[in-house]
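Open the model in your viewer and keep the sequence panel at hand. The stops below say what to select next and what is there.

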Amino acid sequence: MDSTLVNWEALDRLILDFAKSENLIDDSATTSTISFPSSSPSSFSSSYQSRFIIRQIRRFLESGDIDSTLHLLRSHAPFILDDRRLLFRLQKQKFMELLRRGTDEARDSAIECIRTALAPCALDAYPEAYEEFKHILLAFIYDKDDQNSPVTKAWSERRRFEIAGLMSSVLRAHLQAYDPVFSMTLRYLISIHKGFCIHQGISSPISDLTERLLLEERDPPAVPQESFYEAPPFDEVDIQALAHAVELTRQGAIDSLRFAKGDLFQAFQNELCRMKVDVSMLDELVREYCVYRGIVDSGLALPSVPGLKTLAEPLKVGQSEPGCCSSRNYSFEGDNNSNKHSDGENSVSNAHMNVSPEDSVDVNSIQGTDVELRYACESTSYHEDCSTSGSHQAGISKVLQRNRNYTIGERSKRKRWRGRQDEEDYKQDLNATASSTNLSRDKQQGYEKHPLADINARDDKNEIVLGMKELVGRGMAAEVVEEVTALDPNFFMQNHVLLFQLKQVEFLKLVSSGDHTSALRVASSHLGPIASRDPSLLKPLKETLLALLRPNEDALGKGLPLHALSTSLQVAIGQKLGIEEPQLMKLMRATLHTHNEWFKLQMCKDRFESLLRVDSLKDVNTPLISACSMSKSNADSCTHGSSQVTISSSTRVSEEGSSPAQESSRDVCDENAILKVMEFLALPRADAIHLLAQYNGNAETVIQQIFA
């Protein structure tokens, strides 16, 4: 279920916007290592304040504090109190909360509430309001513990959560205080993923995440005002699109459109934000991803590694480490021949090696639950050399020594994770679920089991991987090959496709600089021999050589998306070092795959994918080497488990790609006929199309046969 490729750069942007808009990171004095075009701070601040007020109102209502709720509404959303329907419900709940206290003083206050507020409001709130008013007076004589009383529901504390959800829905829509795009996108993709798995009768590989993250319960829908009931009829296409996108009945979709005054996309956002997520779990998934991608700092200090040379003695350009060969051979299984790197390949850029004695490390405090303990070695044949002892540990030490100053500089640019530090934000929007509690408990227990040295070792590994990723992003392919080989001399024997890609980058960089002689030396010494052993690489090799015919173009920029290659290398090296990829990456890969498959079944394009940036998450730039050109064995060596090499031969995953049978079914069916069957039989689009295909596209015949 994880064959879909993901544009991780686009996800980085969504994640950073989410973290900023939720005030999860300290962005006051840092600049990210990645350049992110994002919304203005003022818009984030305004939206955050509105969402924060809504959360406060929700908490007051859930705790039964109606007076504080009314005070906040008068200060920040007085228009709510102008709606007599909502005001009546608030006053009715206030009456019940006063009676719940059980004192004589509270009972007197309840009587006063009836006389001055509840009774006058019941006269013109809505047609049933006066009957509800008379019914609730029975609470005077029936105790809250009487389970057989006619006012049991009114006494139920669940009413608090119902009115809290209703007020949240209304306020969110009126204040345009929608959740960040990433939060809505995740809700939508998980919802589709669940629906697809149920429809196909298959089990989800990420059910442990989706079940805990997206809760079954939703906030009540906002009810449109009576004046909207006479709204002109809505387009059936919009009704069906909304109904099936967020799992509403047809009438529910119509009511949602009425409340949004016919705005399909506003109605869609209203419905998505009604879905409840475990906020604490979402924050933890985002933090884990941000640390892995180098967006935020891990919160750990840079450790000192025993046996390293002093920082005042940096490795000179062209100088080899003791015990490291200046010329490395790469031989592949089944071949006795070997290939040598070009002469200048072992020189490492001064930009990431020179260190001045004055440089100091900013030591951060270690905070229990903020320490990542996910980087354990896996006991598989693929990770046989994952040990941190012996020659492998020596490789890590050497790479750390060469890159220490560079690492310190990059870490200083990362953002600091602050979490929901506001006092009110510590209280979650939802009741704490067992899943999030267990997640925090497991992390704390893991922290207690692992000594600080182990944690620092894991942080070292992560910094090495992030350093490699950054170098690839800058096009420094020769330096990356040198560093990776110093870390693990056997890495490229098992990942020759990645070596080929890095040499592609080196070749294209030389072509762009006009050094055709060195470029041809790289091609003949490395690209040619690798392609001769893997015939599937011959085609991309030919395409790479075409760059020689276009000397005035930016061959590197057009030839290979460096961000995709950097992520592929990050995943592969991380796995060799025992660094598990973030759960969020697995979640996004699986849900985007089912999104593709779902809309193939629907035989239509997703009308909401641009709004939620789903299209950008699938927009993978075309590299010279394509995923389909890799042999299965080579692909397996570049990936492990659910990880995917982030490259693709197509710029955009086709949303309308379908089988010949699906194409013929769509040709038979008219769009109006599809909508008619969907409306009358309340069927999903795919089922309606299949039925129409059986009866030559005649909607009337389908309906007659079903009711017959």
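**Stop 1**

Select arginine 420 and glutamate 22. In this predicted model, the two form a salt bridge, with their closest N and O atoms 3.1 Å apart. Arginine 420 sits in the loop between strand 6 (416-417) and helix 17 (434-449), and glutamate 22 in the loop between helix 1 and strand 1 (25-26), so the pair ties together parts that are 398 residues apart in sequence. The cut-off for buried is under 20%.

**Stop 2: helices 5 and 9**

Next select glutamate 97 and arginine 160. Their salt bridge has its closest N and O atoms 2.9 Å apart. Glutamate 97 belongs to helix 5 (residues 84-101) and arginine 160 to helix 9 (residues 158-175), so the bridge ties together parts that are 63 residues apart in sequence. Both glutamate 97 and arginine 160 are buried.

Aspartate 219 is buried, as is arginine 172.

Now widen the selection to Arg58, Glu62, Arg158, Arg159, Glu162, Arg172, Glu217, Asp219 and Lys276. A network of salt bridges links these residues. In the structure, the count of salt bridges comes to 39.

**Stop 3: aromatic pairs**

How many aromatic pairs does the structure hold? There are nine. Select phenylalanine 18 and phenylalanine 182 for one of them: the pair is edge-to-face, 5.8 Å centre to centre, with 70 degrees between the planes. Phenylalanine 18 and phenylalanine 182 are both buried.

For another arrangement of rings, select tyrosine 48 and phenylalanine 52. Their ring centres are 6.1 Å apart and their planes at 20 degrees, so the pair is stacked; the cut-off for stacking is planes under 30 degrees apart. Tyrosine 48 and phenylalanine 52 are four residues apart in helix 2 (residues 41-62), which means that about one helical turn separates them. Both of these residues are buried.

Finish this stop with Tyr188, Phe265, Phe268 and Phe608, which form one aromatic cluster.

**Stop 4: the largest nonpolar core**

Return to phenylalanine 182. Together with Phe95, phenylalanine 182 has the most contacts inside the largest nonpolar core, which has 151 residues. Show what surrounds phenylalanine 182: leaving aside neighbours within four places in sequence, its contacts are Leu11, Leu14, Ile15, Phe18, Leu282, Val286, Leu584 and Met588.

**Stop 5: isoleucine 192**

Follow helix 10 (residues 181-200) to isoleucine 192. Isoleucine 192 is buried, with a relative accessible area of 7%. Which residues does isoleucine 192 contact, leaving aside its neighbours within four places in sequence? They are Thr594, His595, Trp598 and Phe599. The C-alpha atoms of isoleucine 192 and threonine 594 are separated by 7.3 Å, although the two residues are 402 residues apart along the chain.

**Stop 6: glutamate 506**

Select glutamate 506 in helix 21 (residues 496-513). Glutamate 506 is buried, with a relative accessible area of 10%. Its side chain makes a polar contact of 2.9 Å with the side chain of lysine 503.

**Stop 7: helix 32**

Last, select helix 32 (residues 699-707), where Ala699, Val702 and Ile703 are buried. Looking down the axis of helix 32, the buried residues fall within an arc of 95 degrees, so they line one face of the helix. These buried residues pack against helix 30 (671-681) and helix 31 (685-694). At the N-terminal end, asparagine 698 caps helix 32: a side-chain oxygen lies 3.0 Å from the backbone nitrogen of glutamate 700.

Key. Residues numbered from 1 in each chain as written. Predicted model: local features only at pLDDT ≥ 70, side-chain atom pairs only at ≥ 80, totals over all residues. Heavy atoms only, no water. Buried < 20%, exposed > 50% of the residue type's maximum accessible area, 1.4 Å probe, protein only. Helix = DSSP H or I, 4+ residues; strand = E, 2+ residues; numbered from the N terminus. Arc of directions from axis to C-beta. Contact = heavy atoms within 4.5 Å. Polar contact = N/O pair within 3.5 Å; in protein donor to acceptor, adjacent residues only side chain to side chain. Core = buried A, V, L, I, M, F, W, Y, C linked by side-chain atoms within 4.5 Å. Phe/Tyr/Trp six-rings, centres within 6.5 Å; stacked < 30°, edge-to-face > 60°. Salt bridge = Lys/Arg side-chain N within 4 Å of Asp/Glu carboxyl O.
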